[in-house]
Structure formats: C-alpha cells, structure tokens
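Please open the structure in the viewer and keep the selection tool at hand.

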Amino acid sequence: MQVKPLYDQRSILDRVALGDEQAFAIFFNHHWPQVYGTGLRLTKSSEKAQDLAQDIFIKLWENRERLTDVKQEDAYVYILSKHVILDFLRKRVFDTENLEILIEYFEDNSINPQEKLEYHELENTLKSAIDQLPGKIKDVFVLSRMEGLTHEQIAQKLAISETSSKTYIVRALRDIRKYMALHTDNNTIVIAAGVILYGMQK
Amino acid sequence: MNEERFKILFEYYLENSISPQDLLEFQKAVQSKQYSDLLDDLLKKAYSEPAFAEDNPEARQTVLTHILSKIHREQTEPVLKQRLISYKWIAAAASVLLIASAGGYFILHKTPVVQVAQNDIAPDSTRAILKTGHGQTYLLAGQAKGMLYRQGNTAANKTANDQLSYGAQRELELISGEAFFEVVHNAHAPLRIKTPKETIEDIGTKFNVNIYPDEPDSRTTLTEGSVKVTLGTLARTINPGQQAIVEHAQLTIADADMDAVTAWLDNDFVFHNQELTTIMRQLARWYHIEVTYQDNVGNLRFSGMVSRNHKISAVLAVMENTGKIHFIVSGKKVTVLAGRKK
C-alpha cells in the first residue's frame, strides 16, 4: 500500500493560481488517478481517457486564477470540467462511429449478470466479515487496508506497538478467512475474496 | 425511457454489463440531451467515486509533459524567419515531442508502444560523395561524428575519428549529402571543400556542410573555429553559430538553428516549424522511402524531435498522433493523407 504524499491544498492552489508550473504538476499528479480512472470507465479506452484528462487539466490551467477562491477542490475539478466531459462523451464516446468500437469492447469485457451477482454477494459477505472483527483488531485492519497506513503510523495513532499492529493484522486475516469459509459455498469464492482483500489495499 | 431507466443503463455501462441493444438505447438518450441534468449528477458521483480512481504512470507522464509543452508553446513567440534563432525545448524526460503548429499535438516516448509493421523500414544512412583533388571518389556516410568512406568500388568502412588524407592540396569536392568535418587546421594547406555551388575553406576546426540536390540551398554551419566561404569572387567568413547559405548564386550569412543542424550528430531529427514537405524529404533520405501526397497537406508545419534510430513506423506514428495527417506504408512507398487514420 502506498502512503500518499502530503498534499498542501491551500499552498498548491495559490501557487498554481499564480502560474507556478511545479505546483501545477503536483496538482496534476494529485487529481490524475480520479480524473483518468473515471475517464477510463466512461470511455472504455486508455487513449480516450488520456485525451479527456488532458482537456480537463488544460481547462483547469486556463482558469487557474480562480483557484484562489476554491475551497472544495474535488468538487471544483468536476464542476469546471462538466462541459468538457459531456462534450467529449457526446462527440467521441457516444457518437455513431464509436458505437461499434464500444460493442466490440463489451464483447470482450462484459460481466454477465450471474457473475455480477456472485461478486456483489462476495463483497457483502466480506463486509460482514470485517464488521465481525473484535474491537482493536478491526480498527487496525481498517486503518491498514482501507486507509493505507503503515504499521508505524497505526501504532502511533492507536497508541500500540508496531508489533501489536502486525499481530492484529495476522489475526484479522485469519478471522476473515474463517468467516468467509463458513458463509460461502465453495473454495474458489474464498480465493476470490482474497483478491478483493488485496484490491482493498490499493 | 425514464429517469430510473437512464440511471440503470448508466450503471450497466459503467460496470460493463450492458447489452448491445441497451447500449444503443443509452447512446440515443445521451445524444438527445434529454437527461442532461441527471447525467450531470451521475457523472459528478462517478468523479468522486474512489473505486474508480486508477493510475497509469506512463500515461500520466505523457499527458503532463504534453500539457506543460503546450503551456510553454503559448508563452514562446516563435520567430518565423527563414531560420529560427532559438527555440526553447522542454527537456521532457525520455520522451519525443511533435507539435503541429496549426494545433493538435502529442508525445510519444522514446520506446514507442507502436507495433512495428511487417514492411517496416530500418534506418539507413545516406551517402555523401566526396571527390578529392586527385580524382578519387569517396562515399561518405556522414551520419556520424567524423566520416565513413569508401574508395571507388571497394567498400571499406572506416568508422568515425579516422583521419582522411586528401593529398597535397587538401581539397575535397562534396557533391551531395551532409558531412560534419573536424579538421586539424594547417595554416599552410587549409582544407578546402568544394561543393557544386561554392568553396569552403577551413580556418578553424569544426563545421557542418549540407547540400542536397533537392534542397534549394546549401548550408555550411560552423560550430567551432571559423570558416571562409567563397562564391566566385565573394568570400565571407563565418563564426560559430552562423550559417553560410548559398541560394540562387547568392551568399548570405545567418544565425543557425544549431540544434536542428547538428541534431543528426546526436542521432536525432529536429525540425522547428518546418513544412511537412521538408520533413518528409529528410525522412526520405534517411529511410530511403518514396513519398507521395494524396492530400494537400505539404504546407502544414511541424516542430519536433525524433531519434533516428527508430524504425520509420515509430516516427510516422508520432506525426500521426497530431491528428492532422496519417500515412500508408507499402514497401518503400509512403503516402501522406490528411486527418486521422480511420
């Protein structure tokens, strides 16, 4: 799990507003995963997602002076990009030319209803499993897997030792595995749960 | 279609469980703008959904460099003289940059992800011919520091830094091509280079000569020392950073775009705001291709930098990414067409 570097919002926004390119690069890297990732889901194409991200960030740069007044940064990024995104969707994703490409994409990448159901069920079972964890163990697990803290950070936050933090994780995983085995039908699903657990680390 | 249905289809679309019919229905609904407000709402949620966030470090770097160069391009005012004097390039880490002056641009990394086509053409050096005062013919592959040469019909490739002796008069005739000379100056017998248009005499040490029959002028660019260029009775001395240009029997001295001129020494093509026809001519020489234009795009101007070590498909791909032109390659023939590849 990567620890996200500290993002000094006020300082970065003010610097970008003044035309500081280095600050813009930091701003860009901070927002990129969400902008690109969502774009990927919308366009189903890495190339298009990049183009869309580019259009968005350029618009943000062109309007950089407004950043000094921005308080809700994430919301602002979307609000400013709204028209760019809609325009892009209408012209390059849902235009007639691209339709064929989308259909081809879905032929290779669809998830069928049965799979979807199974996946949702799995997710719910996993959520319950985590819920069932006893007090401190649950806290440590959540901090580690959901919020991406290191053992050192968890230890500091919960006033426990690093060793305890590590031990708690071991126990948490063991308890979750037990719960999943009890509440799901076959072994492959349990393996899949391991995948979801890993996915949670991101 | 109602709002609920629109929401459901949107969700199906996002999670890749939408059928072709539903996709069509959804597409129509989006284009109709009927549910614009709802779509806005849904998009807003999507852009704040942490599960959707995903990184792609290569793409991230590409796009960032691209944006930064656009920012810089808008800040620099290119001087549209015949020869650009200075043009600040953004030192993008491990990337290659191509901009169409009319707008539109893209960046390709030095290790391109382009698939090498079956009929791809590997780079080959062009040959310049050198004739000495004694009538010996040398074939130069000028694309290296120093020279490779061949005597008459026997191929004897000696590599860079080899010394060529030219006979007592130290006179060379450069018929066509491009060569970079590093000469040990001998005041008693200065090296003289004769081209079809003029004579170049070295006073100093390092200079670049460029003459091709299909280019309208010949150029001598000095990097170090000084060089005297003679045309008939007219002689001019040039200093480092300058170019002597002979065109239509006229000799002019101008400031050289040093990056562009000596880029080939570093194995790069560099063009600053050059017309496509000029660029394609350079590529034709290097890759030994035949270029034809299906559409009238020769006047489009490009700036860019590409390593000469790539196969041609990579170079063409970079240019195609501008969205202004695309190419069809068949054997050694390259056809240039307007617009994006379909």
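Begin with chain B and select strands β17 and β18 (residues 333–338), which run antiparallel and are joined by six bridges. Strands here are DSSP runs of E with at least two residues, and helices are runs of H or I with at least four, numbered from the N terminus. Within this pair, B:Phe327 has B:Val336 of β18(B) as its bridge partner.

The model is predicted: local features need pLDDT of at least 70 and side-chain atom pairs count only at pLDDT 80 or more, while totals for chains, interfaces and linings use all residues. Residues are numbered from 1 along each chain as its sequence is written, with chains lettered from A and ligands numbered from 1 in the order in which they are written.

Two strands pair if DSSP finds at least two bridges between them.

Now move to chain A and select A:Val16, A:Ala53 and A:Leu89, which touch the most other members of the largest nonpolar core, a set of 42 residues. Such a core consists of buried Ala, Val, Leu, Ile, Met, Phe, Trp, Tyr and Cys residues joined through C-beta atoms within 7 Å; buried means that 20 or more other C-beta atoms, placed from the backbone, lie within 10 Å of a residue's own. Finally, select helix α2 (residues 21–43) of chain A, which gives the most to this core, with nine residues.

Terms used: Buried ≥ 20, exposed ≤ 12 C-beta atoms within 10 Å, placed from the backbone.
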